[in-house]
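Dear colleague,

I am handing over the structure below, and after it I set out what was found. Please read the notes alongside the model itself.

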Amino acid sequence: MKIRSLPQNDDDIQNYIVLKLKDSIEANISDLRHMNECHSLNAVAWIARNILELLVWATYCTESKENAKSFMVDIARDSLGMLDVPDSFSRDPNFSFRNARQILIEAGKRNDIQDIDKKFLSVAEAAKIIGFPDFSKHMMHFSKFAHPTAAYVLIPWTDDHIKNF
């Protein structure tokens with residue numbers, strides 16, 4: 001599998017990241033429209049959460065080239081997080097998530113990704129940086145409908161409720 005190389009200069013990095021975020025927002029808006037037509041409240045809430053997060057990242061990355069670079073470096077940190085699971089999660093007895101994670105850490109350090117194994121910037125932290133203090137409240141509101149909470153399970157939601165959500 002060939003991986004497309006990422007841009008190297010700061011202007012190109014910021015433009016690339018913002019374009020990818022725009023594409024993701026547009027795809028999620030399309031999904032949101034479709035799920036709304038299907039009257040799927042939990043899918044609508046989940047996608048609304050995604051769009052809210054993407055808008056935070058888009059704002060964060062457009063504020064500075066350094067923010068965009070930081071977001072790009074978080075690709076490696078996200079990948080490390082995905083590999084931070086027990087080897088028993090793999091059906092291949094010859095595959096080791098721990099070894100794959102170590103290889104990624106070493107590759108990141110060879111490519112000057114500083115502190116590759118530190119925690120990535122969370123979207124809630126990015127929201128605070130860009131001045132969106134109510135971000136967590138919005139996410140909590142959508143979560144009540146996106147996850148099987150008591151409200152989602154026990155309230156008899158009608159099509160009218162869902163259409164007006």
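The axes are lines fitted to C-alpha atoms, for helices over the stretch in contact, and the angles run from 0 to 180 degrees between N-to-C directions. Helices themselves are DSSP runs (H or I, at least four residues), numbered from the N terminus.

This is a predicted model, in which local features need pLDDT of at least 70 and side-chain atom pairs count only at pLDDT 80 or more, while totals for chains, interfaces and linings use all residues. Residues are numbered from 1 along each chain as its sequence is written, and side-chain values use heavy atoms, with hydrogens and water left out.

Helix α1 (residues 10-37) packs with helix α2 (residues 41-63) at an angle of about 160 degrees, their axes being 9 Å apart, and α1 and α2 are therefore roughly antiparallel to each other. The residues of this contact (heavy atoms within 4.5 Å) divide into 17 nonpolar, six polar and two charged, where Ala, Val, Leu, Ile, Met, Phe, Trp, Tyr, Cys and Pro count as nonpolar, Asp, Glu, Lys and Arg as charged, and the others, Gly among them, as polar.

The axes of α1 and helix α3 (residues 65-83) come within 9 Å and cross at roughly 65 degrees, so that these two helices are roughly perpendicular to each other. In this contact, Asp10, Asp11, Ile13, Gln14, Ile17 and Leu21 of α1 meet Lys65, Ala68, Lys69, Phe71 and Met72 of α3, which gives six nonpolar, one polar and four charged residues.

α3 also packs with helix α4 (residues 97-110), at about 165 degrees and with the axes 9 Å apart, and α3 and α4 are therefore roughly antiparallel. Here Ala76, Ser79, Leu80 and Leu83 of α3 meet Phe97, Ala100, Arg101, Leu104 and Ile105 of α4, and by class the contact has seven nonpolar, one polar and one charged residues.

Finally, the second largest pocket has a volume of about 220 Å³. A pocket is, on a 1 Å grid over the protein atoms alone and with a 1.4 Å probe, an open set of points with protein on both sides within 12 Å along at least five of seven lines, and lining residues have an atom within 4 Å of a point. The volume is the space filled by probe spheres set on the points, which are joined across faces, edges and corners. The largest share of the lining, five residues, comes from α3.

Best regards

Notes:
Parallel < 35°, antiparallel > 145°, perpendicular 65-115°, else oblique.
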